[in-house]
Amino acid sequence: MPIYEYRCEECGERFEKLVRRAESDEPVRCPRCGAVETRKQFSVFAAVGLEHGASSGACCGSGGCG
Ligand SMILES: [Zn+2]
């Protein structure tokens, strides 16, 4: 199930919400202040899986050539 990240326009609270369906017609309320002025951010799954410190054979990365 996809988890979407929302951000409250009122208080700036960021929270994740589990969405069963791809499209939800219900307004997402902020768990902090209860405002419905929320914006859907990118899915958290998009951020997961990024490799840190990929050490491939970069030529001019660390003064190899030059
Ligand atoms: Zn809020």
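Start by selecting Glu13: Glu13 is partly exposed because 15 other C-beta atoms lie within 10 Å (buried means 20 or more such atoms, exposed 12 or fewer, partly exposed in between, with C-beta atoms placed from the backbone). A quick caveat: this is a predicted model, where local features need pLDDT of at least 70, side-chain atom pairs count only at pLDDT 80 or more, and totals for chains, interfaces and linings use all residues. Numbering starts from 1 along each chain as its sequence is written.

Glu13 sits in the loop between β1 and β2 (strands are DSSP runs of E, at least two residues, numbered from the N terminus). Leaving out residues up to four places away in sequence, Glu13 touches Cys8, Cys30 and Arg32, a contact being C-beta atoms, placed from the backbone, within 7 Å. Draw a C-alpha to C-alpha distance to Cys30: 7.3 Å, across 17 residues of sequence.

Next, pick Gly12, with its positive phi near 80° in the β1–β2 hairpin, which has 5 residues between the strands.

Finally, show β1 (residues 3–8) and β2 (residues 14–18): they run antiparallel, joined by 5 bridges (pairing takes at least two DSSP bridges). Tyr4 has Lys17 as its bridge partner, while Tyr6 stands opposite Phe15.

Terms used:
Helices (H or I, at least four residues) and strands (E, at least two) are DSSP runs, numbered from the N terminus. Two residues are in contact if their C-beta atoms, placed from the backbone, lie within 7 Å.
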